[in-house]
Amino acid sequence: MKNNLVIGLLGHRNSGKSSTWNELFQRTVKTGTEIRRLYLTKSKYIEVFLVSGSPEERYTYVGELIGDLKPRIILCSMQYITDVSQTINFFVDNDYFLYIQWLNPGYNDQNEIPHVDYLGLVAYMLSLDSSISIRSGKKNLKSRVQEIKNFLYGWANSRNLICEEND
């Protein structure tokens with residue numbers, strides 16, 4: 001059982017990754033340099049590190065964005081391009097369980113039909129200690145976010161990582 005988790009949002013540019021993080025945090029959020037609180041209920045939270053703009057779009061190695069921090073939970077946008085394998089491999093090499101939502105089609109994609117996985121990422125991630133789902137970035141923002149929250153709550157609760165506001 002892995003004790004580190006990455007929640008990854010995979011998609012093309014403007015697929016809905018940042019909108020998902022904003023909805024999850026209930027405010028506009030950007031990549032930071034510190035671990036922050038993510039409230040799962042009004043008083044219960046977990047500590048997470050957010051990489052909102054994908055490392056691929058920034059042309060920056062994800063390890064440089066995280067720095068010397070050793071966050072147990074990372075929320076990470078991932079651009080669906082060849083270089084995303086570097087980001088995925090960073091998490092694999094650092095013993096993270098991968099929970100990935102592939103926004104396919106993405107919010108700004110031309111059609112409603114999911115794209116073919118021409119990078120072979122689904123097969124690769126299924127060979128790892130991971131979970132991957134395909135969700136439309138065109139609809140169901142609140143249900144996608146609730147799915148992430150539910151997973152986070154269960155995962156963090158089983159590892160005693162949920163904090164109370166008065167802790």
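## Cysteines

Let's start with a cysteine: Cys76 has a relative accessibility of 0%, so it counts as buried (buried is under 20% relative accessible area, exposed is over 50%, and partly exposed is in between, with a 1.4 Å probe and protein chains only). Cys163, at 19% relative accessibility, is buried too. A search of the whole structure turns up 0 disulfides, where a disulfide is a pair of cysteine sulfur atoms within 2.5 Å.

A word on the model itself: it is predicted, so local features need pLDDT of at least 70 and side-chain atom pairs count only at pLDDT 80 or more, while totals for chains, interfaces and linings use all residues. Residues are numbered from 1 along each chain as its sequence is written, and side-chain values use heavy atoms, with hydrogens and water left out.

## Aromatic rings

Rings of Phe, Tyr and Trp (its six-membered ring) pair if their centres lie within 6.5 Å; planes under 30 degrees apart are stacked, over 60 edge-to-face, and the rest tilted. By this rule there are 8 aromatic pairs. Take Tyr61 and Phe90: their ring centres are 5.7 Å apart and their planes sit at 90 degrees, so this pair is edge-to-face. The two residues come from distant parts of the chain, 29 residues apart, with Tyr61 in the loop between α2 (55-58) and α3 (62-66) and Phe90 in helix α4 (residues 84-93). Helices (H or I, at least four residues) and strands (E, at least two) are DSSP runs, numbered from the N terminus. Tyr61 is partly exposed, with a relative accessible area of 39%, whereas Phe90 is buried at 13%.

Phe91 and Tyr96 make another edge-to-face pair, with 5.5 Å from centre to centre and 75 degrees between the planes. Both Phe91 and Tyr96 are buried. Ring pairs join Tyr61, Phe90, Phe91 and Tyr96 into a cluster. Elsewhere, Arg36 lies over the face of Phe25, at 5.6 Å from the ring centre; for a charge to sit over a ring, NZ of Lys or CZ of Arg has to be within 6 Å of the ring centre and within 35 degrees of the ring normal.

## The largest pocket

The largest pocket holds about 160 Å³ of space. A pocket here is an open set of points on a 1 Å grid over the protein atoms alone, where a 1.4 Å probe fits, with protein on both sides within 12 Å along at least five of seven lines; lining residues have an atom within 4 Å of a point. Among the residues lining the largest pocket are Asn14, Ser15, Gly16, Lys17, Glu57 and Tyr107. Helix α1 (residues 17-25) gives the most to this lining, with 3 residues.

Ser15 is in the loop between β1 (4-11) and α1, and at 1% relative accessibility it is buried. The C-alpha atoms of Ser15 and Thr87 are 18 Å apart, while 72 residues separate the two along the chain.

Most residues other than glycine have a negative phi, and most peptide bonds are trans. The peptide bond from Asn104 to Pro105, though, is cis, with omega near 5 degrees. Pro105 belongs to the loop between β5 (96-103) and α5 (121-126).

Tyr59 is not a glycine, yet has a positive phi of about 55 degrees. Tyr59 lies in the loop between α2 and α3 and is exposed, with a relative accessible area of 74%. Asn160 also has a positive phi, near 55 degrees. Asn160 sits in the loop between α6 (141-158) and β7 (163-164), and is exposed at 71% relative accessible area.

Terms used
Points joined across faces, edges and corners; volume = space filled by probe spheres on them.
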